[in-house]
Amino acid sequence: MTTTKYAAALAASLIFTISAADAGAGDGSRLFKHMDADGDGVITRAELTTQREAVFARIDKNGDGLVSAEERQQAAEGRGQRLRDRMQGQGDDIAEAIDTDGDGNISREEYLAAPTPMADFADTDGDGGVTQEEFAAFVQADKAKRK
């Protein structure tokens, strides 16, 4: 995967998941609590995978295991103007980066194989989980990048 496509794939969570910056509290604490399914204070890769599977299922409106361009558009429209403004012009690049077989649809497998920014970058101590402190730092860094 080229650097450009990798960067676009990293941004995939903007289409498919709740943006940390839009998560209510400025530090993303509400989103953290939602993603920490077992309430142990750490978001694990397993919890992230479960969350991503649920998001994919919500976006795959017809349940065929593929997210079409139309379903992606519907998901973006449902996210509100702020997210649409941030994604302006990036949606096609992101979809292309994730759609590794080039069929125009994103399969569940392609989506789950795409990089997970939080797990890949927020876990600063490399222990396999993201604490609330690591998550808050990740949210702040993401906000700073967008200014």
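Mentor: Phe32 and Phe135 are both buried, where buried means under 20% relative accessible area, exposed over 50%, and partly exposed in between (1.4 Å probe, protein chains only). The model is predicted: local features need pLDDT of at least 70, side-chain atom pairs count only at pLDDT 80 or more, and totals for chains, interfaces and linings use all residues. Residues are numbered from 1 along each chain as its sequence is written, and side-chain values use heavy atoms, with hydrogens and water left out.

Trainee: How many aromatic pairs does the structure hold?
Mentor: Rings of Phe, Tyr and Trp (its six-membered ring) pair if their centres lie within 6.5 Å; planes under 30 degrees apart count as stacked, over 60 as edge-to-face and the rest as tilted. By that criterion, the number of aromatic pairs in the structure is two.

Trainee: Is the pair of Phe32 and Phe135 stacked or tilted?
Mentor: The ring centres of Phe32 and Phe135 are 5.7 Å apart. Their planes stand at 55 degrees, so the pair is tilted.

Trainee: Which helices does this pair link?
Mentor: Helices here are DSSP runs (H or I, at least four residues), as are strands (E, at least two), numbered from the N terminus. Phe32 and Phe135 are 103 residues apart, and the pair links distant parts of the chain. The helices are α3 (residues 29-35) for Phe32 and α10 (residues 132-146) for Phe135.

Trainee: Is the pair of Phe56 and Tyr111 stacked or tilted?
Mentor: Phe56 lies in helix α4 and Tyr111 in helix α8, 55 residues apart. Phe56 is buried at a relative accessible area of 3%, and Tyr111 is buried at 1%. Their ring centres are 5.8 Å apart and their planes at 25 degrees, so the pair is stacked.

Trainee: Which residue forms a salt bridge with Arg108?
Mentor: A salt bridge is a side-chain nitrogen of Lys or Arg within 4 Å of a carboxyl oxygen of Asp or Glu, and the count comes to one. The closest N and O atoms are 2.5 Å apart, and the partner of Arg108 is Glu53.

Trainee: Which residues does Gln51 touch, not counting residues up to four places away in sequence?
Mentor: Gln51 is found in helix α4 (residues 45-59) and counts as buried at 16% relative accessibility. Contact means heavy atoms within 4.5 Å. With that cut-off, Gln51 touches His34 and Met35.

Trainee: What span does α4 reach from its first C-alpha to its last?
Mentor: The expected span of a helix is 1.5 Å times one less than its number of residues. For the 15 residues of α4 the expected value is 21 Å, and the model is close to it, reaching 21 Å.

Trainee: Where is confidence highest in the protein chain?
Mentor: The predictor's confidence in each residue is its pLDDT, from 0 to 100, and the chain mean is 76, with 69% of its residues at 70 or more. Confidence is lowest in helix α1 (residues 3-10), at a mean of 43. Over residues 1-24 the pLDDT is below 50, although this stretch has 60 contacts in the model beyond near neighbours in sequence. The highest mean, 93, belongs to strand β1 (residues 42-44).
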